[in-house]
Amino acid sequence: MKNNNKKSIINLDKRFDVVICGGGLVGMTLGCALADAGVDVAIIDKDEFKIQDNPEYDGRASAISYGSAQVFKSMGLWDYLHDDASPINDIRVVDGHMIDGISPLFLHYDHVDLNIDDQDDTKDTPFGYIIENRATRNALHKLAKSLPNLTEISPVSVKQLKTDQNSAVVILDDDREICAALAIAADGKFSQLRKAAGIKSTNWDYDQTAIVCTVEHQCDHAGVAVELFLPNGPFAMLPMTGNRSNIIWSERRDLVEDYMKLDDTAFLQELSKRFGDWLGDIKLIGPKFAYPLSLSLAETYISNRMALIGDAGHSIHPIAGQGFNLGIRDVAAMAEILVDAKKLGLDMGSNIILQNYQRRRRFDNIMLAAVCDGLLRLFSNDIKPLRMMRDIGLGMVNKINPLKRILMRHAMGISGDLPRMVKGDKL
């Protein structure tokens with residue numbers, strides 16, 4: 001099997017500090033962060049890394065919180081990425097109905113309102129950024145090529161993971177073996193490594209599918225992100241570079257197939273009913289994608305010399321745009337813990353180290369999953385008394401500036417006990 005690697009010869013006889021199984025956004029971010037700090041890392045992925053940069057591979061864009069952007073800056077990734085990042089200056093949360101129209105009560109976050117005083121380190125900064133997943137992958141692969149401590153191995157799958165008291169051994173499907181102190185499962189919400197380790201998970205199907213596409217519009221979006229709550233699911237309009245917006249349209253699963261079969265003209269007619277005319281005429285750019293939505297929470301994030309990060313440990317509804325940011329916070333915590341352990345000469349795969357990671361990340365992930373699940377159940381219905389109560393609630397929160405600031409800082413990922421990278425510091 002051919003392997004595409006930045007090095008002409010891949011030395012798998014060496015013992016790595018960490019082997020990461022899964023070279024998606026979270027896995028690659030962790031690999032680059034660790035390698036940038038001097039940790040020897042191998043990253044394995046079943047797809048060729050150059051294929052992942054193809055526009056047809058993934059049409060999604062991700063909301064990158066201010067805290068996640070700080071992580072990217074601390075590891076040198078932002079240098080490759082800033083031109084593709086569109087700032088989020090305003091967030092508008094609106095309750096809507098296909099027949100009754102938009103509620104006059106809404107929640108509006110303006111980044112100017114965040115400034116508590118002139119000393120606030122978030123003064124005049126955006127809430128975050130919208131970046132195409134393809135652009136983030138491309139930036140990660142460019143950064144990876146500059147890191148001598150990072151070994152990329154693809155396209156190849158993991159056949160088995162064996163662990164003992166001293167090592168984690170990853171056996172590839174071509175029977176080669178990679179030995180490390182620690183194995184990281186970054187292989188998504190259907191993680192095979194999680195299942196092989198016997199880690200159970202709580203799963204919930206939302207009976208919704210996200211239709212994802214990109215549109216171009218006449219008017220400048222001015223960095224405004226809109227979350228429109230409709231009875232069948234939320235409809236998000238996310239500002240991208242240029243006069244473009246990424247659409248995440250959560251819809252009842254039984255209706256999605258018919259929408260996906262529509263030609264561009266008919267699809268845009270349906271899209272316009274939800275998008276509105278606030279940005280002028282719109283046109284579809286590129287293909288449409290459909291992603292089933294579900295909740296998945298692993299019962300534990302660790303096993304013997306193995307840990308879960310990103311969707312392998314937690315997969316949530318995109319209602320608040322926080323799924324990738326949770327993964328980045330996993331990365332920031334894990335990287336800090338492992339780099340500190342290496343500096344002290346400690347065993348990076350020991351149970352004490354892994355327990356520290358789980359202790360720092362589990363509560364944050366579970367709480368945000370619960371909040372997103374609760375918001376979805378509150379807004380994805382057409383019960384009139386409940387609609388009235390939630391609209392009044394949005395309007396009240398919009399008037400209470402101290403509460404808004406607290407919620408905004410949470411959305412920016414800059415509240416609580418922050419890892420060094422979220423503060424913008426090097427490891």
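A salt bridge is defined here as a side-chain nitrogen of Lys or Arg within 4 Å of a carboxyl oxygen of Asp or Glu. The model is predicted, so local features need pLDDT of at least 70 and side-chain atom pairs count only at pLDDT 80 or more, while totals for chains, interfaces and linings use all residues. Residues are numbered from 1 along each chain as its sequence is written, and side-chain values use heavy atoms, with hydrogens and water left out.

**View 1. A network of salt bridges links E251, E270, K273 and R274.** In the whole structure, a search finds 24 salt bridges.

**View 2. D58 and R137 form a salt bridge between distant parts of the chain.** Their side chains meet at 3.2 Å, N to O. D58 is in the loop between β2 (41-44) and β3 (61-65), whereas R137 belongs to helix α4 (residues 133-145), 79 residues apart. Helices (H or I, at least four residues) and strands (E, at least two) are DSSP runs, numbered from the N terminus. D58 and R137 are both buried, a term that means under 20% relative accessible area, with exposed meaning over 50% and partly exposed lying in between (1.4 Å probe, protein chains only).

**View 3. Two further salt bridges join D347 to R305 and R360 to E336.** The side chains of D347 and R305 meet at 2.4 Å, N to O. This pair links the loop between α8 (323-343) and α9 (351-379), which holds D347, with the loop between β17 (302-303) and β18 (306-308), which holds R305, 42 residues apart. D347 is partly exposed, at a relative accessible area of 33%, and R305 is buried at 4% relative accessibility. For R360 and E336, the N to O distance is 3.3 Å. Because R360 lies in helix α9 and E336 in helix α8, the pair ties together parts that are 24 residues apart in sequence. R360 counts as partly exposed at 27% relative accessibility, whereas E336 is buried, with a relative accessible area of 9%.

**View 4. Helix α1 (residues 25-36) is largely enclosed by the rest of the structure, because 11 of its 12 residues are buried.** The buried residues of α1 include L25, M28, C32 and L34. From first C-alpha to last, α1 reaches 16 Å, close to the 16 Å expected at 1.5 Å a residue; the expected span is 1.5 Å times one less than the number of residues. Just after α1, G38 takes a positive phi of about 95°.

**View 5. Strand β10 (residues 168-172) is largely enclosed by the rest of the structure, because 4 of its 5 residues are buried.** Strand β9 (residues 158-163) and β10 pair in the antiparallel sense over 5 bridges; two strands pair if DSSP finds at least two bridges between them. In β10, L172 is the bridge partner of V158. β9 and β10 form a hairpin with 4 residues between them. β10 also pairs with strand β11 (residues 177-185), in the antiparallel sense over 4 bridges, and I178 in β11 is the bridge partner of V170. In the β10 and β11 hairpin, 4 residues lie between the strands, and D175 in the turn has a positive phi of about 70°.

**View 6. S296 makes a side-chain polar contact with N203.** The distance between the two side chains is 3.0 Å. A polar contact is a pair of N or O atoms within 3.5 Å; within protein, one must be able to donate a hydrogen and the other to accept it, and residues adjacent in sequence count only if both atoms are side-chain atoms. S296 lies in strand β16 (residues 282-298) and is buried, with a relative accessible area of 3%.
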